[in-house]
Amino acid sequence: MIRDGTYRFVNQLDIQIKCGIPMAIEHQIIWNPTMDINQFYFTYAYVNHGRWIADCPFCNHSEFVFKNDLFFTCFHCFNQVAGGKRIKVILDPRYQEIENILNKRRNKENQNWFIYEEIEKLEIENSIMGVI
Ligand SMILES: [Zn+2]
């Protein structure tokens, strides 16, 4: 089963409270959780080892994607380039089809999809590897 952040958190606000605040304190970063959105920056969701994640466009750190809340806060740099505001996550509209194909793969390590990959390629890979 391809997971998103909801397997551990409710949504972006929940992860900001449970993860972001302790991280900011630990690293002595002044950061106020905010639901504000920066309109200029964005990141793409992709699947890595059975998880929907996205890379921070500022520092390349990765975070969980929430399909029910497509915004991103990096708990490494805290989106400081974006004024500390959340940025949009772009989720491929064919995400359900991608998940269906990847869910046929038994090992999470083999459940991967990146934004430049054609979906047909995933099906061909399944076929070659005998995944039905
Ligand atoms: Zn970052």
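Strands E4 and E5 (residues 86–90) run antiparallel and are joined by two bridges; two strands count as paired if DSSP finds at least two bridges between them. Within this pair, phenylalanine 71 has lysine 88 of E5 as its bridge partner. The model is predicted, so local features need pLDDT of at least 70 and side-chain atom pairs count only at pLDDT 80 or more, whereas totals for chains, interfaces and linings use all residues. Residues are numbered from 1 along each chain as its sequence is written.

E4 and E5 belong to an open sheet of five strands, ordered E3-E2-E1-E5-E4, with mixed pairing. Strands E3 (62–64) and E4 (71–72) stand at the edges with a single partner strand each, so one side of each has no neighbour in the sheet. Helices (H or I, at least four residues) and strands (E, at least two) are DSSP runs numbered from the N terminus.

The axes of helices H2 and H3 come within 10 Å and cross at roughly 10 degrees; axes are lines fitted to C-alpha atoms, for helices over the stretch in contact, with angles from 0 to 180 degrees between N-to-C directions. The two helices are therefore roughly parallel, a term for angles under 35 degrees. Residues are in contact if their C-beta atoms, placed from the backbone, lie within 7 Å.

| Helix | Residue range | Residues in the contact |
|---|---|---|
| H2 | residues 95–102 | Glu97, Ile98, Ile101, Leu102 |
| H3 | residues 119–128 | Ile119, Leu122, Glu123, Asn126 |

After H3 comes glycine 130, with a positive phi near 75 degrees.

Definitions and conventions
Parallel < 35°, antiparallel > 145°, perpendicular 65-115°, else oblique. Contact = placed C-beta atoms within 7 Å.
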